[in-house]
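Have the model open as you read.

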Amino acid sequence: MADRPGHPPRAWQRMLSGRRLDLLDPSPLDVEIADIAHGLARVARWNGQTAGDHAFSVAQHSILVDDIALRYEPGLPAGSRLAILLHDAPEYVIGDMISPFKAVIGGAYKLVEARLQAAIHIRFGLPATLPEPVVKLAKRADRVAAYFEAVELAGFKAAEADRIFGRPRGFGERLALEPWPTAAAEARFLERFAALEAACGRG
């Protein structure tokens with residue numbers, strides 16, 4: 001819906017929790033995990049171009065990335081896992097823009113995303129800027145997840161996915177991914193978040 005003529009453009013979003021999140025200057029105080037889980041469970045990966053009766057949500061993807069990261073590093077601290085679970089959390093506000101579109105619009109998107117990510121981190125007791133090893137692990141696990149999502153759900157041939165994402169080592173041919181219903185994705189994301197918060201001593 002467009003803003004009324006003569007009024008400045010609105011740069012905030014009202015959340016179901018009642019919070020009003022300013023996209024230009026997001027405050028950690030306006031970030032709620034219930035809003036994040038609700039939003040991510042309703043944001044579709046791959047622009048919704050996936051097989052199955054349900055969209056493959058960013059919430060389900062986030063849990064998958066945490067699972068993959070833990071396979072790479074079984075002793076990964078709970079705080080690092082929490083950061084990895086939240087690696088796509090800004091998408092509860094800005095949606096999941098596919099990589100080709102991010103390349104088209106460039107820096108403005110990245111700036112908004114970075115501000116939101118920092119506010120989310122601070123809200124949940126994480127450093128605004130994560131340590132480089134955690135960032136690298138999150139990206140590695142994210143690419144593995146993307147590979148299997150591509151070939152199992154998004155219609156990519158293995159050779160094409162190999163070229164774009166790289167074939168993961170140490171995994172079988174498939175992860176047998178099945179998209180979850182929205183309510184299940186939201187509930188499971190909240191459960192994983194609560195478990196990691198508790199393991200951090202903050203739950």
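Among the chain's contacts (heavy atoms within 4.5 Å) between residues at least 6 apart in sequence, 65% join residues at least 24 apart. This is a predicted model, where local features need pLDDT of at least 70, side-chain atom pairs count only at pLDDT 80 or more, and totals for chains, interfaces and linings use all residues. Residues are numbered from 1 along each chain as its sequence is written, and side-chain values use heavy atoms, leaving out hydrogens and water.

The chain has 9 helices and 2 strands, in the order β-β-α-α-α-α-α-α-α-α-α. Helices here are DSSP runs of H or I with at least four residues, strands are E runs of at least two, and numbering starts at the N terminus. Of the 203 residues, 42% are buried, meaning under 20% relative accessible area with a 1.4 Å probe, protein chains only.

Now for the helix pair. The axes of helix 2 and helix 7 come within 8 Å and cross at roughly 120°; axes are lines fitted to C-alpha atoms over the stretch in contact, with angles from 0 to 180 degrees between N-to-C directions. Here's who does the touching:

| Helix | Residues in the contact |
|---|---|
| Helix 2 | H61, L64, V65, I68, A69 and Y72 |
| Helix 7 | L137, A138, R140, A141, D142, V144, A145 and E149 |

Helix 2 also holds D66, which counts as buried because its relative accessibility is 0%. Leaving aside residues up to four places away in sequence, D66 touches R81, I84, R192 and L196.

How values were computed. Buried means under 20% relative accessible area, exposed over 50%, partly exposed in between (1.4 Å probe, protein chains only).
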